[in-house]
Amino acid sequence: MSYKTLAIIKPDAVKNNLTGQIIAKITEAGFKIKAMKMVRLTKDSAGGFYEVHKARTFYNDLVEFMTSGPCVPIALEKENAVAEFRNLIGATDPADAADGTIRKLFAASKAENAVHGSDSDENAALEISHFFSRKELLENFGA
Ligand code: CMP
């Protein structure tokens with residue numbers, strides 16, 4: 001079972017000043033923040049992060065959107081973190097997302113959907129290391 005996942009508060013949500021409300025939902029749901037930063041992604045960084053979607057029609061738009069403004073990657077910890085976080089954020093398209101989920105509450109569209117969550121334990125580990133060095137992860141401060 002996984003204990004870690006990577007969340008990203010995406011540029012649409014940061015721009016709409018929703019960062020605080022989204023973090024509150026995450027911590028109210030019992031996730032612990034293990035590392036967090038605000039960054040403006042470069043094309044290379046966003047392109048690498050979404051490499052698995054490279055062949056998809058929406059890839060260029062996705063990279064464009066993810067580099068359009070600052071975003072907030074957050075390494076999270078909770079029992080069964082990947083599945084629990086995906087439940088909390090809801091379906092990719094906010095129109096399909098369940099009531100009370102972060103995307104239902106805060107996202108405008110499938111492309112600009114407020115938050116990202118890792119889809120497997122393996123990807124969670126890769127995605128956390130995309131944004132955070134081992135030194136930046138909280139366990140290194142003894143917490
Ligand atoms: P995310 O969870 O960050 O992972 C891949 C992202 O691609 C997804 O959220 C959406 O924002 C985006 N995405 C997936 N499908 C589409 C689509 N059909 N059109 C535009 N963007 C999409």
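Biologist: By class, how many nonpolar, polar and charged residues does the lining of the largest pocket have?

Modeller: This is a predicted model, in which local features need pLDDT of at least 70, side-chain atom pairs count only at pLDDT 80 or more, and totals for chains, interfaces and linings use all residues. Residues are numbered from 1 along each chain as its sequence is written, and side-chain values use heavy atoms, without hydrogens and water. The lining has nine nonpolar, eight polar and nine charged residues (Ala, Val, Leu, Ile, Met, Phe, Trp, Tyr, Cys and Pro are nonpolar, Asp, Glu, Lys and Arg charged, the others, Gly among them, polar).

Biologist: What volume does the largest pocket have, and which lining residues are closest to its centre?

Modeller: Rolling a probe the size of a water molecule over the atoms shows where empty space is left. Here the volume is about 730 Å³. A pocket is an open set of points on a 1 Å grid over the protein atoms alone, where a 1.4 Å probe fits, with protein on both sides within 12 Å along at least five of seven lines; lining residues have an atom within 4 Å of a point. Y50, H53, F58, L62 and H116 are the closest to the centre, out of 26 lining residues.

Biologist: Where does the ligand sit?

Modeller: The largest pocket holds the ligand (more than half of its atoms lie within 2 Å of the grid points).

How values were computed:
Grid points are joined across faces, edges and corners, and a volume is the space filled by probe spheres set on the points.
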